[in-house]
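This report examines how parts of a protein chain pack against one another. Please consult the sequence and the structure shown below while reading.

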Amino acid sequence: MMDWFRSWHGAPTDLKWLNVARRAGVNPGVVSAIVWALFDHASQAADRGSVDGFDAEAYADFSGFDEQDIRSVVIAL
């Protein structure tokens, strides 16, 4: 069985990612990808919606993004 979470139209290119990208010092596409990883994590959390315990190191290994960039995006959000 698959579980799902909802998003909104235009979410991957939402203009707010530009502000987050600027604050974090990364490209907006990196922000968008990290946000979706955070949404997925938060959707599955025991405390639904929480990003506590998000593994930036593991996501860096998977995504090829720099771990510090991921942490910077999380902080900027």
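Predicted model: local features only at pLDDT ≥ 70, side-chain atom pairs only at ≥ 80, totals over all residues.

Helix 2 spans residues 28-44 and helix 4 spans residues 67-76. Their axes lie 10 Å apart, and the two helices pack at an angle of about 75°. Angles of 65 to 115 degrees count as roughly perpendicular, and helix 2 and helix 4 are therefore roughly perpendicular to each other.

## The nonpolar core

The largest nonpolar core contains 18 residues. Within this core, the residues with the most contacts are Val26, Val31, Ile34, Ile70 and Val73. At least two core residues come from each of helix 1 (16-24), helix 2, helix 3 (56-63) and helix 4. Helix 2 provides the largest share, six residues. In soluble globular proteins, nonpolar side chains tend to be buried together.

Ile34 may be considered individually. When its neighbours within four places in sequence are left aside, Ile34 is in contact with Tyr59, Phe65, Asp69, Ile70 and Val73.

## A buried aspartate

Asp14 is located in the segment before helix 1. Its relative accessible area is 17%. Because buried means under 20% relative accessible area, Asp14 is classed as buried. The side chain of Asp14 is joined to the side chain of Trp8 by a polar contact of 3.1 Å.

Key:
Residues numbered from 1 in each chain as written. Heavy atoms only, no water. Axes fitted to C-alpha atoms, helices over the stretch in contact; angles between N-to-C directions. Helix = DSSP H or I, 4+ residues; strand = E, 2+ residues; numbered from the N terminus. Parallel < 35°, antiparallel > 145°, perpendicular 65-115°, else oblique. Core = buried A, V, L, I, M, F, W, Y, C linked by side-chain atoms within 4.5 Å. Buried < 20%, exposed > 50% of the residue type's maximum accessible area, 1.4 Å probe, protein only. Contact = heavy atoms within 4.5 Å. Polar contact = N/O pair within 3.5 Å; in protein donor to acceptor, adjacent residues only side chain to side chain.
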